[in-house]
Amino acid sequence: MTAQTDTQGSVTTVYKVSGMSCGHCEGAVSGEISEIPGVTSVRAVAASGEVTVVSEAPLDEKAVRAAVDEAGFELVGEA
């Protein structure tokens, strides 16, 4: 689990997502996760399969999993 509380009161969590292979994949995953309430920033990297999410509070993994599923990929878990 890689969740840390930043000094501004935000939480940064890194998730592993399988199946991303290009910029379009990154955009699809980022777009879906960014719609979760409280998310302030999303950065997906296809090469590593990592998605870094900054949010106002810890996110419900079920919500993140649903967003990743909606984008057509699989959430492996937190990195």
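## Valine 64 and its contacts

Valine 64 touches Tyr15, Ile33, Ile36, Leu59 and Leu75, leaving out residues up to four places away in sequence; contact here means heavy atoms within 4.5 Å. The model is predicted, so local features need pLDDT of at least 70 and side-chain atom pairs count only at pLDDT 80 or more, while totals for chains, interfaces and linings use all residues. Residues are numbered from 1 along each chain as its sequence is written, and side-chain values use heavy atoms, with hydrogens and water left out.

## The nonpolar core

Val64 is also among the residues with the most contacts inside the largest nonpolar core, together with Met20, Ile33, Val51 and Phe73; this core has 19 residues. Such a core is a set of buried Ala, Val, Leu, Ile, Met, Phe, Trp, Tyr and Cys residues joined through side-chain atoms within 4.5 Å. Strand 2, helix 1 (23-34), strand 3, strand 4 and helix 2 (61-71) each give two or more residues to the core, and helix 2 gives the most, with four. Helices (H or I, at least four residues) and strands (E, at least two) are DSSP runs, numbered from the N terminus.

## Two helices crossing

Two packed helices are described by the angle between their axes and the distance between the axes. The axes of helix 1 and helix 2 come within 8 Å and cross at roughly 140°. The contact involves Ala28, Val29, Glu32 and Ile33 of helix 1, and Val64, Ala67, Val68, Glu70 and Ala71 of helix 2.

Glutamate 32 lies in helix 1. With a relative accessible area of 24%, glutamate 32 is partly exposed; buried means under 20%, exposed over 50%, and partly exposed in between (1.4 Å probe, protein chains only). Apart from neighbours within four places in sequence, glutamate 32 is in contact with Ala67, Glu70 and Ala71. The C-alpha atoms of glutamate 32 and alanine 71 are separated by 6.3 Å, although the two residues are 39 residues apart along the chain.

Strand 3 (residues 39-45) and strand 4 (residues 50-55) pair in the antiparallel sense over six bridges; two strands pair if DSSP finds at least two bridges between them. Valine 42 has valine 53 in strand 4 as its bridge partner. The two strands form a hairpin with four residues between them, and glycine 49 in the turn has a positive phi of about 75°.

Terms used:
Axes fitted to C-alpha atoms, helices over the stretch in contact; angles between N-to-C directions.
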